[in-house]
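Dear colleague,

Please find below the structure for your attention. I would be grateful if you could read the notes that follow alongside it.

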Amino acid sequence: MKISYLLFFLLVACATSPMGRKQLILMPDSQMTQMGFESFQQIKKETPVETDPKINAYVKCVLDPVLAVTGPVSGVSSWDVVVFRSPQVNAFALPGGHIGVYTGILPVTKTPDQLAAVIGHEVGHVIARHGAERVSDALVGQGAVLVAGSIAQKKNKNWGLIVAAVGAPAVQYGFLLPFGRAQESEADLIGLELMAKAGYDPREAVELWKNMGAASGGKQPPEILSTHPSNQRRIRDITSYLPKVLPYYEKKKNNGHLPRCQM
């Protein structure tokens, strides 16, 4: 393939995140949605689903206001939320709108606002198409961009062949390994804005990350912490962003439209 074709393909694959950062997105939303669905089905097979109606009602109460303010999200027609009975101190959101909340995170999120910060962060990854970006990085890293460029020249683009070209490592790289520092920071700030618009106090996000640090107890940190940036960096970034999002929260508070959720 001529180098001009490769450069053209990379150029048209460039996107911009909600925070203004340039991204390389090789995978279409339809393919990411399918991958997200398959990954979610696999997780549901491997992890018990929480059936306690009180816990499920609480998580739904916290999530609904956040999801209501997300607006249209690329590749998401509706949000699918499942609470998993697991000690993992974690939550996740996959392309296509699949959200998983592990019960292990509930004792660490001391308030509904803190749980909203977690959910806002995870939804932020989907909004910013971080999964597609990670898979695209894997494709480029393994040289599969040449395959992608070749397929793009055809009338009927079979994007499934791109995934087949790199196999399971690309999927694992996109969904299972930690996001990068820039992506984590973006998700933090997108989540901060979402929770504030939903009527949750964004200052609680600072307390959340303090709790996360305490939860590690000097041992291996919770899975949600096994990424960059550090807790201290996160707290500094969130604190500096608070003046921008606090007015959203104050407006909801003054109008008496704050969520009322209790476990």
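The notes below concern a disulfide and then a histidine.

Please bear in mind that this is a predicted model.

Disulfide

A search of the whole structure returned one disulfide. The two partners are Cys61 and Cys261, and their sulfur atoms are 2.1 Å apart. That separation falls within the 2.5 Å cut-off for a disulfide. The link between Cys61 and Cys261 is left-handed, with an angle of -85° about the S-S bond. Cys61 belongs to helix H3 (residues 53-68), whereas Cys261 sits in the segment after helix H11 (231-254), so the pair ties together parts that are 200 residues apart in sequence. As a reminder, a disulfide is a covalent bond between the sulfur atoms of two cysteines.

The two cysteines may also be described by their accessibility. Cys61 is partly exposed, its relative accessible area being 28%. Cys261, at 9% relative accessible area, is buried, because the limit for a buried residue is under 20%.

Histidine 98

His98 is located in strand E5, which covers residues 98-102. With a relative accessible area of 10%, His98 is buried. What does the side chain of His98 make a polar contact with? The partner is the side chain of Asp80, at 3.4 Å.

With kind regards

Key. Residues are numbered from 1 along each chain as its sequence is written. This is a predicted model: local features need pLDDT of at least 70, side-chain atom pairs count only at pLDDT 80 or more; totals for chains, interfaces and linings use all residues. Side-chain values use heavy atoms; hydrogens and water are left out. Helices (H or I, at least four residues) and strands (E, at least two) are DSSP runs, numbered from the N terminus. Buried means under 20% relative accessible area, exposed over 50%, partly exposed in between (1.4 Å probe, protein chains only). A polar contact is a pair of N or O atoms within 3.5 Å; within protein, one must be able to donate a hydrogen and the other to accept it, and residues adjacent in sequence count only if both atoms are side-chain atoms.
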